[in-house]
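Try each task before you read its solution.

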Amino acid sequence: MPTRDVTLSGARIRAGDLVTVSLAGAGRDPAVFPDPDAFDVRRTNARLNLAFAHGPHFCLGAHLARLEAQAAVRAALTLPGLRLDPRYPAAPRGLVFRKPPSLRVLWDA
(Lines give C-alpha, C1' and ligand atoms only; values in the text may rest on other atoms or scores of the structure.)
Protein backbone atom coordinates (compact mmCIF):
# COMPACT_ATOMS: atom_id res chain seq x y z
CA MET A 1 0.00 0.00 0.00
CA PRO A 2 1.30 3.46 -0.81
CA THR A 3 2.23 5.59 2.18
CA ARG A 4 1.41 8.85 0.39
CA ASP A 5 -0.69 10.09 -2.52
CA VAL A 6 1.02 9.68 -5.87
CA THR A 7 0.25 9.87 -9.58
CA LEU A 8 1.70 7.06 -11.67
CA SER A 9 1.37 7.18 -15.47
CA GLY A 10 -1.62 9.47 -15.12
CA ALA A 11 -3.41 7.29 -12.54
CA ARG A 12 -4.04 8.86 -9.14
CA ILE A 13 -3.21 6.51 -6.24
CA ARG A 14 -4.09 7.58 -2.72
CA ALA A 15 -2.21 6.67 0.43
CA GLY A 16 -3.57 3.38 1.75
CA ASP A 17 -5.09 2.26 -1.59
CA LEU A 18 -4.71 -1.40 -2.41
CA VAL A 19 -2.34 -1.79 -5.36
CA THR A 20 -1.87 -5.11 -7.11
CA VAL A 21 0.23 -6.15 -10.08
CA SER A 22 -0.90 -8.52 -12.81
CA LEU A 23 1.95 -10.50 -14.36
CA ALA A 24 -0.39 -11.48 -17.18
CA GLY A 25 -1.09 -7.81 -17.84
CA ALA A 26 2.58 -6.89 -17.68
CA GLY A 27 3.38 -9.48 -20.31
CA ARG A 28 0.75 -8.01 -22.62
CA ASP A 29 1.83 -4.36 -22.63
CA PRO A 30 1.49 -3.14 -26.25
CA ALA A 31 4.13 -0.48 -25.55
CA VAL A 32 6.64 -3.31 -24.94
CA PHE A 33 5.31 -6.26 -26.96
CA PRO A 34 4.03 -5.76 -30.52
CA ASP A 35 0.79 -7.74 -30.97
CA PRO A 36 0.75 -8.64 -27.24
CA ASP A 37 -2.05 -11.21 -27.52
CA ALA A 38 -0.13 -13.34 -30.03
CA PHE A 39 1.92 -16.25 -28.70
CA ASP A 40 5.34 -15.73 -30.26
CA VAL A 41 8.37 -17.31 -28.58
CA ARG A 42 10.63 -15.87 -31.27
CA ARG A 43 9.94 -12.22 -30.40
CA THR A 44 13.11 -10.19 -30.34
CA ASN A 45 12.27 -9.02 -26.81
CA ALA A 46 10.71 -12.26 -25.48
CA ARG A 47 13.12 -12.24 -22.51
CA LEU A 48 11.38 -9.13 -21.13
CA ASN A 49 8.48 -11.22 -19.83
CA LEU A 50 7.89 -11.47 -16.07
CA ALA A 51 6.77 -15.11 -15.95
CA PHE A 52 9.14 -15.93 -13.08
CA ALA A 53 9.23 -12.43 -11.52
CA HIS A 54 12.41 -10.37 -11.31
CA GLY A 55 15.11 -9.28 -8.92
CA PRO A 56 15.04 -10.53 -5.31
CA HIS A 57 11.66 -12.20 -5.90
CA PHE A 58 12.89 -14.26 -8.88
CA CYS A 59 11.50 -17.81 -8.75
CA LEU A 60 14.04 -20.35 -7.49
CA GLY A 61 12.47 -23.05 -9.62
CA ALA A 62 12.54 -21.05 -12.87
CA HIS A 63 15.42 -22.95 -14.46
CA LEU A 64 13.93 -26.34 -13.61
CA ALA A 65 10.48 -25.25 -14.84
CA ARG A 66 11.95 -24.07 -18.15
CA LEU A 67 13.86 -27.32 -18.57
CA GLU A 68 10.77 -29.41 -17.81
CA ALA A 69 8.64 -27.32 -20.20
CA GLN A 70 11.19 -27.72 -22.99
CA ALA A 71 11.31 -31.49 -22.48
CA ALA A 72 7.52 -31.82 -22.41
CA VAL A 73 6.94 -29.65 -25.48
CA ARG A 74 9.74 -31.39 -27.40
CA ALA A 75 8.25 -34.80 -26.56
CA ALA A 76 4.73 -33.73 -27.54
CA LEU A 77 5.83 -32.15 -30.80
CA THR A 78 7.63 -35.29 -31.91
CA LEU A 79 4.51 -37.47 -31.64
CA PRO A 80 3.40 -38.09 -35.23
CA GLY A 81 -0.19 -37.13 -35.93
CA LEU A 82 -0.70 -35.01 -32.79
CA ARG A 83 -2.65 -31.79 -33.37
CA LEU A 84 -4.99 -29.41 -31.59
CA ASP A 85 -8.66 -30.36 -31.86
CA PRO A 86 -10.28 -27.53 -33.86
CA ARG A 87 -13.66 -28.21 -32.21
CA TYR A 88 -12.32 -26.88 -28.90
CA PRO A 89 -10.71 -23.43 -29.15
CA ALA A 90 -7.86 -22.87 -26.72
CA ALA A 91 -8.10 -19.13 -26.04
CA PRO A 92 -6.01 -18.08 -23.03
CA ARG A 93 -7.84 -16.80 -19.95
CA GLY A 94 -7.04 -15.70 -16.44
CA LEU A 95 -5.93 -12.62 -14.54
CA VAL A 96 -2.90 -14.06 -12.76
CA PHE A 97 -1.80 -16.95 -14.97
CA ARG A 98 -2.99 -16.34 -18.51
CA LYS A 99 -3.36 -19.76 -20.12
CA PRO A 100 -5.91 -21.95 -21.85
CA PRO A 101 -8.07 -23.88 -19.37
CA SER A 102 -7.26 -27.03 -21.36
CA LEU A 103 -5.73 -28.13 -24.63
CA ARG A 104 -7.70 -30.86 -26.36
CA VAL A 105 -5.78 -32.74 -28.98
CA LEU A 106 -6.36 -35.36 -31.64
CA TRP A 107 -3.83 -38.07 -32.27
CA ASP A 108 -3.75 -40.13 -35.42
CA ALA A 109 -1.43 -42.85 -34.15
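**Exercise 1.** Does Arg43 count as buried or exposed? Locate the residue, then list what surrounds it.

*Solution.* Keep in mind that the model is predicted.
- Step 1: find the place. Arg43 is in the loop between H1 and helix H2 (62–77).
- Step 2: apply the cut-off. Buried means under 20% relative accessible area. Arg43 has 16% relative accessibility, so Arg43 counts as buried.
- Step 3: follow the side chain. It reaches the backbone oxygen of Asp35 at 2.6 Å. The side chain of Arg43 also reaches the backbone oxygen of Ala38, at 3.0 Å.
- Step 4: list the contacts. Neighbours within four places in sequence are left aside; Arg43 then touches Phe33, Pro34, Asp35, Pro36 and Ala38.

**Exercise 2.** How many salt bridges does a search of the whole structure find? Look at some of them and judge the exposure of their partners.

*Solution.* 
- Step 1: take the count. The search finds five salt bridges.
- Step 2: start with Asp85 and Arg87. They form one of these bridges, with the closest N and O atoms 2.7 Å apart. Asp85 is buried, because its relative accessibility is 5%. Arg87 has 61%, so Arg87 counts as exposed.
- Step 3: go to Arg12 and Asp5. Their closest N and O atoms are 3.3 Å apart in a salt bridge. Arg12 is exposed, because its relative accessibility is 56%. Asp5 stands at 38%, so Asp5 counts as partly exposed.

**Exercise 3.** Which residue lies over the face of Tyr88? Check for aromatic pairs too.

*Solution.* 
- Step 1: look at the ring of Tyr88. Arg104 lies over its face, at 4.1 Å from the ring centre.
- Step 2: search for ring pairs. Ring centres must lie within 6.5 Å to pair. By this rule, the count of aromatic pairs is zero.

**Exercise 4.** Where in the protein chain is confidence lowest, and where is it highest?

*Solution.* 
- Step 1: take the chain as a whole. The average pLDDT is 86, and 98% of the residues score at least 70.
- Step 2: Helix H1 (residues 23–26) has the lowest confidence, at a mean of 72.
- Step 3: Strand E2 (residues 11–13) has the highest, at 94.

Terms used
Residues are numbered from 1 along each chain as its sequence is written. This is a predicted model: local features need pLDDT of at least 70, side-chain atom pairs count only at pLDDT 80 or more; totals for chains, interfaces and linings use all residues. Side-chain values use heavy atoms; hydrogens and water are left out. Rings of Phe, Tyr and Trp (its six-membered ring) pair if their centres lie within 6.5 Å; planes under 30 degrees apart count as stacked, over 60 as edge-to-face and the rest as tilted. A charge sits over a ring if NZ of Lys or CZ of Arg is within 6 Å of the ring centre and within 35 degrees of the ring normal. pLDDT is the predictor's confidence in each residue, from 0 to 100. Helices (H or I, at least four residues) and strands (E, at least two) are DSSP runs, numbered from the N terminus. Buried means under 20% relative accessible area, exposed over 50%, partly exposed in between (1.4 Å probe, protein chains only). A polar contact is a pair of N or O atoms within 3.5 Å; within protein, one must be able to donate a hydrogen and the other to accept it, and residues adjacent in sequence count only if both atoms are side-chain atoms. Contact means heavy atoms within 4.5 Å. A salt bridge is a side-chain nitrogen of Lys or Arg within 4 Å of a carboxyl oxygen of Asp or Glu.
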